[in-house]
Amino acid sequence: AHQPIHYLGWILPVNYAPHTQDAYIEDYLTDRVDSREVVQVIKAFLRCAMSGQAGLQLYLEITGGAGSGKSTLTKIMELTLGKENCADMNFSRIAANPRFEGMKLFGKRLAIFNDEDKAVSRETTETLKRWIGEDNIVGEIKGKNSFPSFKPTHLTVITANYPIRWNPDDAFARRRISIRMDKIIGQEHQKESLIDNEIMPH
């Protein structure tokens with residue numbers, strides 16, 4: 001049972017049903033990535049995010065063209081963990097003010113960077129390297145006193161058309177788990193309400 005002595009500071013916003021079996025989402029993901037082994041990697045990554053294993057010190061990079069399902073995959077991750085347990089992040093905002101952007105990560109389980117195809121600055125690379133490397137995050141709330149630094153509890157997922165090229169070099173890529181989504185759905189066959197009508201019920 002949930003008790004203060006257990007020091008639980010977050011919950012999954014779903015009813016616990018350990019014996020429920022529903023293969024719809026797994027079949028959908030298998031169709032998109034064309035590999036059940038890759039689906040197992042996605043599930044393992046989500047399991048680590050649920051349990052707050054920031055010490056993994058790895059990030060998930062999902063690449064593929066428009067219409068390949070990258071955004072749908074990150075939406076499934078967000079629905080699995082709960083929107084309130086995820087942070088919508090952006091390279092440009094980190095470059096502008098890393099402390100304000102870093103504050104969004106307090107108590108979160110997943111940082112989501114969608115469609116990041118811009119050049120990455122040296123400063124942004126160094127900031128992300130520290131966050132993913134489990135260094136303390138220094139956050140700041142606008143208009144308020146400084147906030148104590150905190151240990152990260154999140155993992156990171158980044159989507160892009162092509163692999164991210166880090167600045168100044170690609171040494172940061174050692175922390176990358178890569179998934180490529182090459183199966184493109186034509187505009188005429190894409191379902192606008194896929195998440196609401198087909199995935200949400202599962």
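**The main core and its surroundings**

Modeller: In helix H1, Tyr28, Leu29, Thr30, Arg32 and Val33 are buried. Buried stands for under 20% relative accessible area, with over 50% called exposed and the range in between partly exposed, using a 1.4 Å probe and protein chains only. Helices (H or I, at least four residues) and strands (E, at least two) are DSSP runs, numbered from the N terminus.

The model is predicted: local features need pLDDT of at least 70 and side-chain atom pairs count only at pLDDT 80 or more, while totals for chains, interfaces and linings use all residues. Residues are numbered from 1 along each chain as its sequence is written, and side-chain values use heavy atoms, leaving out hydrogens and water.

Now the core. A nonpolar core is a set of buried Ala, Val, Leu, Ile, Met, Phe, Trp, Tyr and Cys residues joined through side-chain atoms within 4.5 Å. The largest one has 22 residues, of which Leu60, Ile62, Leu73, Met77, Leu110, Val157 and Ile179 touch the most other members. At least two residues of this core come from each of H1 (24-33), H2, S1 (59-63), H3, S3 and S4. H2 gives the largest share, six residues. Isoleucine 179, leaving aside neighbours within four places in sequence, is in contact with Val33, Val38, Ile42, Leu60, Glu61, Ile62 and Thr63; contact means heavy atoms within 4.5 Å. Another core, of 20 residues, lies apart from this one and includes Met103, Leu105, Val120 and Phe150.

Next, two of the helices. The axes of H2 (residues 36-50) and H3 (residues 70-81) come within 11 Å and cross at roughly 40°. Axes are lines fitted to C-alpha atoms, for helices over the stretch in contact, and angles run from 0 to 180 degrees between N-to-C directions. Ile42, Leu46, Ala49 and Met50 of H2 meet Leu73, Met77, Thr80 and Leu81 of H3.

Last, the strands. In S3 (residues 110-113), Leu110 and Ile112 point one way, Ala111 and Phe113 the other, and all are buried. In a regular strand the side chains alternate between the two faces of the sheet. S3 pairs with S2 (residues 86-89) in the parallel sense over four bridges; strands pair if DSSP finds at least two bridges between them. Isoleucine 112 in S3 stands opposite aspartate 88. S3 also pairs with S4 (residues 155-160) in the parallel sense, over four bridges, and phenylalanine 113 has isoleucine 158 of S4 as its bridge partner.
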